[in-house]
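Please look through the structure shown below, with attention to how one chain is built and how it meets its partner. The account goes from the overall fold to individual contacts.

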Amino acid sequence: MNFGFDEDQKSLAHTVAQQLADFPSLIAPELTTAANDEVWRALTDLGLFALLVPERNDGVGLTMVDLALAVEALGAGLAPPLVVSTLLATDAIMRHGSDPQQRALLPRVAIGELKIAIALLEADSGYDVRTCRTTLTDESLHGEKILVAGAADADLLLVVASGNNGPVVVLVEPGAAGVTVQAHDDLDPTSGHCAIRFDRVKLDGDAVLGQAAPARAVERLLDVGATLYAGQLMGIAARMLDAAVDYAKTRVQFGQPIGAFQAIKHRCADMAVAVEAGRSAAYYAFWAVSHDAPDRARAASMAKAYCGDVGRHVCNETIQVHGGMGFTWELGLHRFLRRSKVIEHAFGDAAWHNERIVAETLAEMTGADDRNQNAA
Amino acid sequence: MDFAYTPAEEEFRKALRLWLVDALPQGWAETVFEPDDEDERAQFRLDWERKLHAGGWSGINWPKEYGGRGATLIERGIFAEEMARAGAPEGINIIGHNLAGTTILRHGTEAQKKRFLPAIISSDEVWCQGFSEPNAGSDLASVRTRAERHGDKFIVNGQKIWTSYAQYSQWCFALVRTDPDVPKHKGLSFLLIDMKSPGISIRPLRQISGESEFNETFFDDVEVPVENIVGDINDGWRIAMTTLAYERGPEDALGRQIRFKQELDRLLAILADQKRGDGFAIDDAETRQRLARSITEVEVMRLNSLRTFSKYLNGEERGPDASLLKLYWSHAAQRMYETALDALGPLAPLAGNDRQAAGGGRFQMSWLQSKAFTIYSGSSEIQRNIIGERMLGLPR
C-alpha cells in the first residue's frame, strides 16, 4: 500500500496545468468561452482523451487513479466542463457499453473527436435518479433535463432516464429529431449550462448503456461523476488557498504583511487543513471507483459532500483574506467562486450525499451483523 | 497510489487477527469491559501491554536489535486497524511508545537505546512527559524548571504540569532549563528522569471529566546522572520538536481514529435502536446530516494518517504536517461528540450509571474528555501558527 502518487501521475497533472495556463482567458475576469475549442485541441494533442480508453480501443488503458491529479489540475485551471464530462462518459462506455458501442465510440473519444455531455438533472426531480421524470419507453425518449454542461458544443449526450425497469443511461445524438438545446442564464456562464428538451426522440435498439444491468451503469455514472467533481473542487480550493497565502504575504497594512496577523494566518492554516482533508477524501474515492471497491458509493459520496464544503469554505475565506480587492471583478476570484458553486451542486449536493453516506453505513452495519450471525 | 495491501501485508494482518482471538478476554467489549476504577483500569491497561509484548506485538516497527520486529509503517497502520476491529483495550504506555521511545530512537546514544527501548517495549517501564509548566504552556520554550550540573549529575528543581500517568510511570522525559542567560530556546536540555528519584512528588489534578489522569509533578533537588541527557546540553529544544512531531504524528492520529470509529459505530447502533416518538432517533434528518459529516471526518482522519505514513515511506521528513493531522482530528472529534449528545436529544444529559443513559453514559464522558483535544500537545492556536509559518511560509 502506498498513498503517494508516482512521477507519471504527477507529471501528467503538471502538463495539464501548463496547457491550461496557455489560455489566460480561462481564468480571466471576463466570462468567456472563446478559448474552449483551442483548449480542447491542446488537451487532445496531449493525449488526455486516450488515457482512459482501453488499449483494444486504441487508447492507453490508464485508471481513474492515474488521472486524479490531472482532474485537480482541470479544476484549478477552470477547464471547460466538457473535458471532465467526456472523461466521465469514457469511463461509463468503457465499463458498461456493449462491444459495438465501445468499438464505435471509444476510438473516436481517444482522438478527441467526441465531446460528450451528461444530462442528469431535472427541474423537479431532486438528485435521486429513481424520481427521474424523463422516460424511455418503446425506444422513445421524452422529458426535459437542466444544467447540462457544455451541451451546445457536445457531439454526444449521455442521458439518464427512467426505463421500463428502473433508471438507464442512454446515448443520444444532440442533432436527433426532437432534441432542443437552450442555454441557461446561470451563475457560471463559462460552464455552458443548457436545458435540453427531448420530445419523443426515437432511439435505436443499442442506445442504452449496459443492457444487461442498466441501473449499474447509472450508479457508476453517479459515483464516478461525484468523484471527478470532487477532484475538480480540490483543484479550485488548492488554487484559492495559494492565492490567499500569496496575498497575505504581500499585502501590507498596519506596517506589516497581513499574513503576520493571527486573524489572517489562522484562517489560512484552517484552509490548508481543509484542503488536505478534502484531498484525502477525494483520492480515496478515485481509488475506490478505479477498483470498483465494495465501498465505492460511500467513498464517492464522502468525497463529493466533503469537497463541496471545502470548496465553498476556501473560496469564501480567500475572498475575505483579499478584503476589498477580493470583491472586485478585476481580480477574478469570482471565476473560481462561480465554478466552485456550480460544481458543488452537480452530481449531488452535500445534503444528498450525506443522506447516502448514512444509509450506506447503516446498511453495511446490518450486513456485518448478519454475516456474523451466519458465521456463528 | 494504491490503497490495497500487498500479500505480505495481508499475511501480517492474518497473523495478528489470529493472535487477537485468543488474547482478548472472553466476552470482551460485549459483557467484559475496562474497570471503572482508575487504578484498576491502569493495571488492566498495563496487563494488556504486557500481553501484547508476550505475543511479540509491542513496539513492532522498532528495529529488532532493541526488541522490535522491524515492521513497516504500513504494518503499523494495519496493527492499528486490527486493534480497532477487535475493539482492543488501550495501552498505558502510549507516551513511552510514541514519544519517549521514538525520541530516544532518533536522538539517543547507543547506550540509551539499549537501556531504555527494550523496557518500553516490554512495558516494564511506563513513561510520562514533563514539558508543560504553570507558566509555560503554549510558550513552551519559556520553561523554568532548572537543571544545574554538579559533576556527573544534574540537580533538577521546578514544577511540571499536565503530566498524564505520572502516578503509574517509572520514567519521565523532561524539558529543563540548563542555561538561563541565553535566548529561551537555546538554554534548554532534554533529560530522562527516574521517577523513583528522591525529591519527586506528584499531586493529582482533577479534570473537567472528574478523572485524575493528569498530575502536577514537583522536582526538589532531584539528582539526574549526566548520561541521561538526550542530545547535547542546551540542544533540548530541537529534541523536543522531534518529540512533538511524533506526539502529533500519524501513529498517534491513527490510534485515536480507531477509538473514535468504535464510538461512532456504537453511537449509530444505539441511535438505530433508540425509540423516539413513532420512530427511532436515527430517523431525524438533521441528525443524519451531522452523523454523515462525522462518518466522513473520522474516515478522513484515517486517510490523512495513511497519506502521511506514505509520505514518510517515500522519503519525506517529519515536519509541520503533524500539526495538520492534530488540528484536524481534534476538532473533528469534538464535533463528533457534540453530534453524539445532540443526536441523543432528551437523553443527552443522562450520564454515568443512570439506568436510562445511552451506551452506559460513555458519550457524556467522552464529550467532557474531548474538550482537552484542542488544548493538549499544542493548542489549536499553536498548531495554526506552525502551519501558517512553517508550511505556508507566512511571516511571524
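The model is a predicted one, and local features are described only where pLDDT is at least 70. Chain A contains eleven helices and nine strands, and its C-alpha trace extends over about 75 × 60 × 40 Å along the principal axes.

Turning to the interface, 37 residues of chain A are in contact with 41 residues of chain B. On the chain A side, helix 6 (214-250), helix 7 (262-290), helix 8 (296-321) and helix 11 (350-375) each supply at least two of the residues that touch chain B, and helix 7 of chain A gives the largest share, with 14 residues. Sorted by class, this side of chain A comprises 25 nonpolar, seven polar and five charged residues.

Two packed helices are described by the angle between their axes and the distance between the axes. In those terms, helix 7 of chain A and helix 9 (residues 321-344) of chain B have axes that come within 10 Å and cross at roughly 85 degrees; because angles of 65 to 115 degrees count as roughly perpendicular, that is how this pair is described. From helix 7 of chain A the contact involves Ala272(A), Val273(A), Glu276(A) and Ala277(A), and from helix 9 of chain B it involves Leu324(B), Leu327(B) and Tyr328(B). The contact between these two helices has six nonpolar, no polar and one charged residues.

Helix 7 of chain A also meets helix 11 (residues 380-391) of chain B, where the axes come within 8 Å and cross at roughly 85 degrees, so that these helices too are roughly perpendicular to each other. Here Lys265(A), His266(A), Cys268(A), Ala269(A), Asp270(A), Ala272(A) and Val273(A) face Arg384(B), Asn385(B), Ile387(B), Gly388(B) and Met391(B) across the contact. By class, six nonpolar, three polar and three charged residues take part in the contact of helix 7 of chain A with helix 11 of chain B.

Which residues have the most contacts inside the largest nonpolar core? They are Val170(A), Cys268(A), Ala281(A), Ala285(A) and Ala303(A), in a core of 187 residues, to which helix 6 of chain A gives the largest share, 21 residues. Ala285(A), with neighbours within four places in sequence left aside, is in contact with Thr227(A), Ala230(A), Ala299(A), Ala300(A), Met302(A) and Ala303(A). Another core, of 45 residues, lies apart from the largest one and includes Ile104(B), Tyr165(B), Val230(B) and Tyr246(B).

In chain B, Met301(B) belongs to helix 8 (residues 285-313). Is Met301(B) buried or exposed? Met301(B) is buried, since 26 other C-beta atoms lie within 10 Å, and, residues up to four places away in sequence not being counted, it touches Ala253(B), Gln257(B), Phe260(B), Tyr328(B), Trp329(B) and Ala332(B). Between Met301(B) and Leu52(B) there are 249 residues of separation in sequence and 25 Å in space, C-alpha to C-alpha.

Key: Residues are numbered from 1 along each chain as its sequence is written. Chains are lettered from A and ligands numbered from 1 in the order in which they are written. This is a predicted model: local features need pLDDT of at least 70, side-chain atom pairs count only at pLDDT 80 or more; totals for chains, interfaces and linings use all residues. Helices (H or I, at least four residues) and strands (E, at least two) are DSSP runs, numbered from the N terminus. Two residues are in contact if their C-beta atoms, placed from the backbone, lie within 7 Å. Ala, Val, Leu, Ile, Met, Phe, Trp, Tyr, Cys and Pro count as nonpolar, Asp, Glu, Lys and Arg as charged, and the others, Gly among them, as polar. A nonpolar core is a set of buried Ala, Val, Leu, Ile, Met, Phe, Trp, Tyr and Cys residues joined through C-beta atoms within 7 Å. A residue is buried if 20 or more other C-beta atoms lie within 10 Å of its own, exposed if 12 or fewer, and partly exposed in between; C-beta atoms are placed from the backbone. Axes are lines fitted to C-alpha atoms, for helices over the stretch in contact, and angles run from 0 to 180 degrees between N-to-C directions. Angles under 35 degrees count as roughly parallel, over 145 as roughly antiparallel, 65 to 115 as roughly perpendicular and the rest as oblique.
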